[in-house]
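Okay, thanks everyone, I'll keep this short. Have a look at the sequence and the structure on the screen, and then I'll walk you through it.

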Amino acid sequence: MAQAQQIPAQGQADPRCFKLISGHTIPSVGLGTWRSGPKASDAVFTAITEDWIHNRALLKKYLPGISGGTWPHSCYASWDRQTRPIHRIQDMIHWPFRLKEGAHKPPEAGEVLDFDMEGVWRQMEQLVKDGLVRDIGVCNFTLKKLDKLLRIAQTMPSVCQMEMHPGWRNDKMLEASKKNGIHVTAYSPLGSQDGGRDLIHDPTVTEVANKLNKTPGQVLVRWALQRGTSVIPKSTNAERIKENIQVFGWEIPEEDFRALNSIRDQRRVLDGEDILVNKIHGPYRCAADLWDNED
Ligand code: NDP
């Protein structure tokens, strides 16, 4: 199979996008819209005005017929200067699990069902064959699940979307993805929200930001780009949306990059426990089970 060109932020022909294994491109910086609520559409339009975006909110707004994709699948739309109007739609396995329709949170006994990875992937491959989507991808995978998928895939996943920030580098998934030519998109790059990890005020992050005369948010987004990942910071604040895209034309120097890579207490913020773990009835009795005990 062809290998994707994992083009690092430095030396990229166009640092605003990465090339995928499919030959298509994905914008380097997208706008997260999770928990943006009714402010999402304003945020999206601020981002569009800034001429950058790759996100699902666009799909919801412009392609309502498709946007109701069943969890754990998500549809993604990408839109950039070269591709208006939207025609770069990606479909991805959002979480590699299956819940009964209307499952409780956390799930009750019998609400976590078997996940047919091969069946799901075949359907997604068919979407590509039918010209309905251009790229398919995965999310919240482990090495074990990626290995299983790669053994059955006829069409390679273009993208693997994972939680990644200096507080959870998840180097093993980044390396495995790169090795297989799969581009990685880093989600929750600022440490997430509503009780997430406050990386904006992390001493190492603020020190690097002060040194470079950038904001902590910009340092965190730039760190993701320098790892060769695209990145989807969420904001509904127009100033912060604009701030988060000012990440080109400068670099985090190597020693500061190393300092960010040395932040201790590596742990996931979004471990899936609240949506998938049933401590008594299983089949996943703790978060480690969800991640195949790899962390
Ligand atoms: P982020 O890590 O992007 O952090 C968002 C928080 O940071 C918000 O509270 C936001 O507040 C604040 N913020 C944004 N920019 C700045 C800045 N420059 N300075 C200070 N604070 C800032 O959180 P998310 O967890 O939302 O992750 C981003 C996206 O990743 C999601 O929106 C979603 O699209 C995706 N995601 C995917 C998941 C998956 O399973 N596939 C799971 C989780 C997230 P404000 O809005 O007020 O600016």
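This is a predicted model: local features need pLDDT of at least 70, side-chain atom pairs count only at pLDDT 80 or more; totals for chains, interfaces and linings use all residues.

Now, the ligand. How many residues surround the ligand? The count is 27, and the closest ones are S192, Q193, K234, S235 and R240. If you sort that shell by class, you get 14 polar residues, ten nonpolar and three charged. Helix α9, residues 238-245, makes the largest contribution to the shell, with three residues.

Let me pick out some contacts to oxygen atoms of the ligand. With W34 it's the backbone: a polar backbone atom there is 2.9 Å from a ligand oxygen. With H94 it's the side chain, where a polar atom lies 3.1 Å from an oxygen of the ligand. R240 also uses a polar side-chain atom, and that one is 2.6 Å from a ligand oxygen. So how much of the ligand does the protein bury? On its own the ligand would expose 910 Å², and the protein buries 87% of that.

Next, the second largest pocket. It holds about 260 Å³ of space, and 13 residues line it. Nearest the centre you'll find P96, F115, K145, K148 and Y284. What kinds of residues make up the lining? Eight are nonpolar and five are charged, with no polar ones. Two elements, β6 (112-113) and α5 (143-152), each put at least two residues into that lining. Of the contributors, α5 gives the most, with three.

Another cis bond runs from G282 to P283, with omega near 5 degrees. You'll find P283 in the loop between α11 (273-276) and α12 (287-290).

And then there's S188. It isn't a glycine, yet its phi is positive, near 50 degrees. Where is S188? Look in the loop between β9 (183-187) and α7 (203-212).

Terms used. Residues are numbered from 1 along each chain as its sequence is written. Side-chain values use heavy atoms; hydrogens and water are left out. On a 1 Å grid over the protein atoms alone, a cavity is a set of points where a 1.4 Å probe fits but cannot get out, and a pocket is an open set with protein on both sides within 12 Å along at least five of seven lines; lining residues have an atom within 4 Å of a point. Grid points are joined across faces, edges and corners, and a volume is the space filled by probe spheres set on the points. Helices (H or I, at least four residues) and strands (E, at least two) are DSSP runs, numbered from the N terminus. Ala, Val, Leu, Ile, Met, Phe, Trp, Tyr, Cys and Pro count as nonpolar, Asp, Glu, Lys and Arg as charged, and the others, Gly among them, as polar. A residue is near a molecule or strand if one of its heavy atoms lies within 4 Å of it. A polar contact is a pair of N or O atoms within 3.5 Å; within protein, one must be able to donate a hydrogen and the other to accept it, and residues adjacent in sequence count only if both atoms are side-chain atoms. Accessible areas come from the Shrake-Rupley method with a 1.4 Å probe; for residues, only the protein chains shown count as cover.
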